[in-house]
Amino acid sequence: MIHRQTTKELIAESLKELFAQKSADKITVKEIAQNCGITTATFYNHFLDKYDLIVWIYAEPIKNIIKKVNNGNYHLHDAIFDVVSYFAENRKFIINAITHTSGQDSFICHVFRINFQIMSDYIKTTKNIKTLTTKTEMLLKIYVYGTVQLVCEWLITNMPVPINDFVNFLEEGLPEPLKIYFYENKNS
């Protein structure tokens, strides 16, 4: 079956291809557009800038992974495994984004924000609440910041920990008070 790409997916593939050749800070929107045969105006119809594109490339698959938690036989362990696998499969892209973005456009800052927001939204939806308690929010931030930093270190330093063991460590690191949000069925 032929998979038809959206314009966003086409632009994302263009950037990924360029990332294999250059660092993120050296790539321009014009290059991204030319590489996939579109105009820069078309690029800007879909993304604010290249950093917005970098974040989108990361965020889309992660959102889809987290949405599947507690859906049938897909649980937090599976989500962590899929997220870590995504990082491992896109290692060069992720490392380029981590090491060649900074300040307000820092990839790592966006990853923290996205992961916290996705997990926070998941908890709110699952428990049908509008806001997290201060304790839940703080524990979630600690978990997200710690796991994101550790995954980045695992990738960058090529840490000799097999993926299955690494996933188990990340799952075991979830603070006990947060487990009720990720290990209970949505309908309970």
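Are Tyr122 and Phe182 buried or exposed? I started my notes with this pair, working on a predicted model. I find Tyr122 buried, and Phe182 is buried as well.

**Entry 1: the chain as a whole**

I counted the secondary structure elements and got 10 helices and 0 strands. Reading along the sequence, I wrote the pattern down as α-α-α-α-α-α-α-α-α-α. I then looked up the extent of the chain: its C-alpha atoms fill a box of roughly 50 × 40 × 35 Å along the principal axes. I checked the radius of gyration, which is 18 Å; this agrees with a compact globule, because 188 residues would give a value near 16 Å in that case. For burial, I noted that 44% of the 188 residues count as buried.

**Entry 2: aromatic pairs**

Tyr58 belongs to helix H4 (residues 50-67) and Phe87 to helix H5 (residues 76-89), so I recorded a link between distant parts of the chain, 29 residues apart. I looked up the burial of Tyr58 and Phe87 too, and both are buried.

I went back to Tyr122 and Phe182, which form a stacked pair: their ring centres are 5.3 Å apart and their planes are at 10°. Tyr122 is in helix H7 (residues 107-127) and Phe182 is in helix H10 (residues 179-182), so this pair ties together parts that are 60 residues apart in sequence.

I also noted one aromatic cluster, made up of Phe43, Tyr44, Phe47 and Trp56.

**Entry 3: charges over rings**

Which ring does Lys8 lie over? I found Lys8 over the face of Phe47, at 5.4 Å from the ring centre. Phe47 is also a member of the cluster in the previous entry. I logged a further case at Phe116, where the charged end of Lys141 sits over the ring, 5.4 Å from its centre.

**Entry 4: the largest pocket**

The largest share comes from H7, with 8 residues. I sorted the pocket lining by class and got 6 nonpolar, 3 polar and 5 charged residues.

**Entry 5: the cavity**

How many cavities of 30 Å³ or more does a search of the whole structure find? I got 1. The volume of the largest cavity is about 280 Å³. I noted 18 residues in its lining, and the closest to the centre are Ile80, Val83, Asn115, Met119 and Thr147. The elements that give two or more residues are H4, H5, H7 and helix H8 (134-156). H5 gives the most to this lining, with 6 residues. I sorted the cavity lining by class too: 16 nonpolar, 2 polar and no charged residues. I set this beside the lining of the largest pocket, where I had counted 5 charged residues.

Key
Residues are numbered from 1 along each chain as its sequence is written. This is a predicted model: local features need pLDDT of at least 70, side-chain atom pairs count only at pLDDT 80 or more; totals for chains, interfaces and linings use all residues. Side-chain values use heavy atoms; hydrogens and water are left out. Helices (H or I, at least four residues) and strands (E, at least two) are DSSP runs, numbered from the N terminus. Buried means under 20% relative accessible area, exposed over 50%, partly exposed in between (1.4 Å probe, protein chains only). Rings of Phe, Tyr and Trp (its six-membered ring) pair if their centres lie within 6.5 Å; planes under 30 degrees apart count as stacked, over 60 as edge-to-face and the rest as tilted. A charge sits over a ring if NZ of Lys or CZ of Arg is within 6 Å of the ring centre and within 35 degrees of the ring normal. Ala, Val, Leu, Ile, Met, Phe, Trp, Tyr, Cys and Pro count as nonpolar, Asp, Glu, Lys and Arg as charged, and the others, Gly among them, as polar. On a 1 Å grid over the protein atoms alone, a cavity is a set of points where a 1.4 Å probe fits but cannot get out, and a pocket is an open set with protein on both sides within 12 Å along at least five of seven lines; lining residues have an atom within 4 Å of a point. Grid points are joined across faces, edges and corners, and a volume is the space filled by probe spheres set on the points. The radius of gyration is taken over C-alpha atoms; the globule rule is 2.2 Å times the number of residues to the power 0.38.
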